[in-house]
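This report goes through selected features of one protein model. It starts from how terms are used and then turns to particular residues.

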Amino acid sequence: MRKKTLSKQDLHRPRIGIDLLGCDTPGEELLRALVKLKIDEEHPPILTFFATKQIFDNVVTPEEMHCHVVTEEITMGEDPLTAVRHKKNSSLAIGIDMLKSYDLDAFITAGNTGALLAKAKLTLPMLPNIDRPALMTLIPTKLEPVAVLDVGANVHVKAQNLLQFALMGIAYQKTRGISNPTVGLLNIGEEKQKGTPELRKAYEILQTLNEDAPLDAPVFIGNIEGRDVFHGNIDVLITDGFTGNVFLKTAEGIASFVLDQMQNLGPIESLPGLKSIITTLRHRLHYAEHPGAILCGVDGIVMKCHGASTPEAFINSIKGSSRLVKNFFLEKIKSELQSP
């Protein structure tokens, strides 16, 4: 690994690891885009790339960027546990190991989700009072973005897990400056008797969030249907990973469809104002350019990018993970989870 000596100034810079393997976008293409990245801030992140020697041989990287050569890659089709146990020299495994040893402050990957979850849970300690990690992402609404979890980590969950997801979502939104986040449970109807037996049980358990809340300002507002999420009336949406992933990808698909239809209306130049509207909407809705989902629940900042992520998505993930480090995200969420 090529590594330079850190100066006193560097000690204030977040150390971000980027896995260049496992994404639909070729690693070489990602690297060519990321080596041009210039973050104009007082303490820009120090980047460490994980890739094969062939990729690094084909791209000239600046001296201040670190290159870690790996000899193994975990592909999308591999069994997660088998891959993690046998491919210890893969980019994904080494990145998580470096988080544990505090050689990195955050790690970003678009690789095998199952392998990432397995490696993170086997390697990193869990946060206080949390049994299972969950993938959390922000989605746009008419008002403020809503934190959705889980979006793919746990296909089956218990009611108690959903309560823990709610606590993590609340803690995260508080770190974003929302003083009293509200929570909704994704369901097929608003009535408390709707949904599976586990969802009905979760509805009852989630009422405990309202024990210390004012009667006119409950934390848990009840069930919410998918179509109502985008009104922005809640700050945290909780669900199991299967339903959350389907919800997220359906929303992404609809957003892409709407953007494509707007592009097909005709020459943008002939429709005053349309170009700026489409640019704004694409910035807000195009999933391939959004930062990755945060793996909440483990003691480390891990960001999982979409498999179809563009270089722009990785750039946004680097900026997003850098903000999390600088804003002491882990310390704040631990404090919130330990609060009575």
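## Basis and terms

A residue is called buried when its relative accessible area is under 20%, exposed when it is over 50%, and partly exposed in between, with a 1.4 Å probe and protein chains only. The model is predicted: local features need pLDDT of at least 70, side-chain atom pairs count only at pLDDT 80 or more, and totals for chains, interfaces and linings use all residues. Residues are numbered from 1 along each chain as its sequence is written, and side-chain values use heavy atoms, with hydrogens and water left out.

## Overall figures

The protein has 11 helices and 11 strands; these are DSSP runs numbered from the N terminus, helices being H or I with at least four residues and strands being E with at least two. Of its 340 residues, 50% are buried. The accessible surface is about 16600 Å², and carbon and sulfur atoms account for 54% of that surface. Accessible areas come from the Shrake-Rupley method with a 1.4 Å probe, and for residues only the protein chains shown count as cover.

Contact means heavy atoms within 4.5 Å. Among contacts between residues at least 6 apart in sequence, 69% join residues at least 24 apart.

## Aromatic pairs

A pair of aromatic rings is described by the distance of the centres and the angle of the planes. Rings of Phe, Tyr and Trp (its six-membered ring) pair if their centres lie within 6.5 Å; planes under 30 degrees apart count as stacked, over 60 as edge-to-face and the rest as tilted. The structure contains four aromatic pairs. One of them joins Tyr172 and Phe329, whose ring centres are 5.7 Å apart and whose planes stand at 80°, so this pair is edge-to-face. The pair links distant parts of the chain, with Tyr172 in helix H6 (residues 159-175) and Phe329 in helix H11 (residues 329-338), 157 residues apart. Tyr172 is buried because its relative accessible area is 8%, and Phe329 is buried at 5%.

Phe230 and Phe247 form a stacked pair, 5.8 Å from centre to centre and with 25° between the planes. Phe230 is in the loop between E8 and E9 and Phe247 is in helix H8, so the pair ties together parts 17 residues apart in sequence. Phe230 is partly exposed, at 30% relative accessible area, whereas Phe247 is buried at 13%.

Asp235 sits in the loop between strand E8 (220-224) and strand E9 (236-238). Leaving aside neighbours within four places in sequence, Asp235 is in contact with residues including Pro145, Gln173, Ile178 and Thr182.

On the surface, Val155, Phe242 and Val246 form a nonpolar patch with about 280 Å² of accessible area together. Patches consist of residues with over 30% relative accessible area and no salt bridge, like charges being joined within 9 Å and nonpolar side chains (Val, Leu, Ile, Met, Phe, Trp, Tyr) within 5 Å. Phe242 belongs to helix H8 (residues 241-263) and is exposed, at 52% relative accessible area.

## Backbone exceptions

Most residues other than glycine have a negative phi, and most peptide bonds are trans. The peptide bond from Leu149 to Asp150 is cis, with omega near 15°; Asp150 is in the loop between strand E6 (146-149) and H6.

Tyr102, not a glycine, has a positive phi of about 65°. Tyr102 is located in the loop between helix H4 (91-100) and strand E4 (106-109) and is exposed at 63% relative accessibility. Asn129 has a positive phi near 65° and lies in the loop between helix H5 (113-123) and strand E5 (134-139). Asn129 is exposed, with a relative accessible area of 55%.

Gln164, in helix H6, is buried at 6% relative accessibility. Neighbours within four places in sequence aside, Gln164 is in contact with Asn129, Ile130, Asp131 and Arg132.

Thr123, in helix H5, is buried at 11% relative accessibility. Not counting residues up to four places away in sequence, Thr123 touches Ile96, Asp97 and Lys100.

Key: Salt bridge = Lys/Arg side-chain N within 4 Å of Asp/Glu carboxyl O.
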